[in-house]
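Please look at the structure below before reading on.

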Amino acid sequence: MFFSNTIQALEQSIHYSSTKNQTIANNIANVDTPNYKAKNVVFKEILNEELGHNFQAKRTNERHIVFGNDNTKNYNIVTNNSTTYNHNGNNVDIDKEMSELAKNQIYYQAVVDRLNGKFNSLKTVIRGGN
């Protein structure tokens, strides 16, 4: 593999960012919906849970299939039921959502730029360094 699992990791990052963007947009669209509860895409909790399992697989040959390299998403969408900001039971904080949207857009652009860099490197190699 040219870049080990870099391209796959960047692809997963783009999926994560896209899902986060859709979730934030949904929260913003429902800012005035009575009893709507804000949702969030979480990754860190999944990572910590997986790290706690101490699962280790040993490959005896580099051509063997890598364990744990499945295409399942490494994030979940969770609903925040613990707060209420508005008198109608809604808990969307529009300022927080707009801030999260801006951070996510910067993250997405950084991942896309990194992926473009990988493809440009590959294109350079294919053309023989020209």
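How many aromatic pairs does the structure hold? There are two aromatic pairs, where rings of Phe, Tyr and Trp (its six-membered ring) pair if their centres lie within 6.5 Å, with planes under 30 degrees apart counted as stacked, over 60 as edge-to-face and the rest as tilted. This is a predicted model, in which local features need pLDDT of at least 70 and side-chain atom pairs count only at pLDDT 80 or more, while totals for chains, interfaces and linings use all residues. Residues are numbered from 1 along each chain as its sequence is written, and side-chain values use heavy atoms, with hydrogens and water left out.

**Aromatic pairs**

- The ring centres of Y16 and Y75 are 5.5 Å apart and the planes stand at 65°, so this pair is edge-to-face.
- Y16 belongs to helix α1 (residues 6-29) and Y75 to the loop between α2 (44-51) and β2 (76-79), so the contact ties together parts 59 residues apart in sequence; helices (H or I, at least four residues) and strands (E, at least two) are DSSP runs, numbered from the N terminus.
- Y16 and Y107 also make an edge-to-face pair, at 6.1 Å centre to centre and 90° between the planes.
- This pair links distant parts of the chain, with Y16 in helix α1 and Y107 in helix α3 (residues 94-126), 91 residues apart.
- One aromatic cluster is formed by Y16, Y75 and Y107.

**Exposure of the three tyrosines**

- Y16 is buried, at a relative accessible area of 17%, and Y75 is buried at 7%; buried means under 20% relative accessible area, exposed over 50% and partly exposed in between (1.4 Å probe, protein chains only).
- Y107 is partly exposed, with a relative accessible area of 33%.

**Cavity**

- The count comes to one cavity of 30 Å³ or more, a cavity being a set of points, on a 1 Å grid over the protein atoms alone, where a 1.4 Å probe fits but cannot get out.
- The largest cavity has a volume of about 30 Å³, taken as the space filled by probe spheres set on the points, which are joined across faces, edges and corners.
- K20, I24, K39, N40, K96, E97 and E100 line the largest cavity, lining residues being those with an atom within 4 Å of a point.
- Elements giving two or more residues to this lining are α1, β1 (39-42) and α3, and α3 gives the most, with three residues.
- The lining of the largest cavity divides into one nonpolar, one polar and five charged residues; Ala, Val, Leu, Ile, Met, Phe, Trp, Tyr, Cys and Pro count as nonpolar, Asp, Glu, Lys and Arg as charged, and the others, Gly among them, as polar.

Definitions and conventions
On a 1 Å grid over the protein atoms alone, a cavity is a set of points where a 1.4 Å probe fits but cannot get out, and a pocket is an open set with protein on both sides within 12 Å along at least five of seven lines; lining residues have an atom within 4 Å of a point.
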